[in-house]
Amino acid sequence: MMDNRFATALVIACVLSLISTIYMAASIGTDFWYEYRNPSPPENNSEPNKASWEEFISEDADEKTYMDALFQWNGTIGLWRRCITMTENSYWYNSPGETVTKCISFSLSDQFMEKYQEPGNHNSGSDLNRTYLWRFQFLLPFVSLGLMCFGALIGLCACACRSLYPAIATGVLHLLAGLCTLGSVCCYVAGIELLHQKLPPPEGVQGQYGWSFCLACVSAPLQFMAAALFIWAARTNRKEFTLLKAYRVA
C-alpha cells in the first residue's frame with residue numbers, strides 16, 4: 001500500500017505537470033512573445049504605407065522589412081507568426097478608424113533561414129549566433145512539450161503496473177523538459193537583444209515581452225517542481241520498501 005505522503009506528492013506533481021503543459025502549449029500557439037507599441041502609428045491609406053503593408057505580407061519579406069512594419073503598426077511576434085495592428089478604413093465594410101489585426105505565418109523555411117550581420121542585407125555575411133538562437137527558440141519548446149507527453153505516458157504505465165519505479169523516468173523527462181523550456185526562453189531573450197542591437201526600434205516605439213513569453217517563463221519552474229516531486233516520491237518509496245523488506249527478512 002502506498003504511503004499517503006507519496007500519493008500526495010504524486011497528485012501535486014501531476015497537477016503541476018498538467019498546468020505546465022497547458023501553459024507551454026498556449027505559449028507555442030500564441031503570438032505575444034514580444035510586443036511593440038507605437039504611440040503614433042501611421043495612417044495606412046497613404047501610398048508608402050500601403051507599399052509597406054504589401055511588403056510585410058509578401059513571401060519574400062526579409063527580416064528588416066517585417067521588423068520595420070512591426071515597429072510602425074503596434075506589432076507582435078511569436079514563434080510561428082508576426083502580426084500588426086492597423087487602422088483599416090479603405091473598404092466599405094469597415095467603419096472609419098476601425099482597428100484590424102493581421103497576421104502572417106513564418107514558413108518552415110523561414111524558421112531555418114540564416115540571419116545576416118545587417119538585417120535585410122544578404123551581402124553582409126551570416127550571423128551564426130542569431131541564426132542558431134532563432135532555430136533553438138523554435139525547436140526547444142516542441143521538444144519540451146514532447147518530453148512531457150512522453151513522461152505522461154510512462155506515468156500511465158506506472159499506474160497500470162501499480163508501481164512507483166517508472167515515476168523516476170517521468171521525473172527525469174520533466175527535468176529535461178524544464179531545461180528545454182528554460183533554454184528556449186534564454187535563446188529568445190538573447191536573440192531579441194542581438195536583433196535590437198543591429199536594428200534598434202525608432203524613437204518613441206516601446207518594446208516589451210508579452211504574455212506568451214511569460215507563460216513559457218512560468219512553465220519552466222513548474223516542470224522543475226513536478227520533476228523533483230516525481231523523483232523524490234519514487235526514490236523515497238523505493239528506499240523505505242527496501243528497508244521494510246530487509247526488516248522482515250531479519
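I looked up Y23 first: it is partly exposed, at 30% relative accessible area (buried is under 20%, exposed over 50%, partly exposed in between, with a 1.4 Å probe and protein chains only). Y23 sits in helix α1; helices are DSSP runs of H or I with at least four residues, strands are E runs of at least two, numbered from the N terminus.

A note on the source: this is a predicted model, where local features need pLDDT of at least 70, side-chain atom pairs count only at pLDDT 80 or more, and totals for chains, interfaces and linings use all residues. Residues are numbered from 1 along each chain as its sequence is written, and side-chain values use heavy atoms, leaving out hydrogens and water.

Next I checked which α1 residues are buried, and found F6, A9, L10, A13, L16, S17, S20, M24, S27 and I28. I also checked the length of α1: its 26 residues should span 38 Å at 1.5 Å a residue, and the end C-alpha atoms are 38 Å apart, which agrees (the expected span is 1.5 Å times one less than the number of residues).

Of its 35 residues, Y36, F56, Y66, M67, L70, I77 and Y188 touch the most other members. Helix α6 gives the largest share, seven residues. Another core, of eleven residues, lies apart from it and includes L10, L16, A167 and A233.

Terms used: A nonpolar core is a set of buried Ala, Val, Leu, Ile, Met, Phe, Trp, Tyr and Cys residues joined through side-chain atoms within 4.5 Å.
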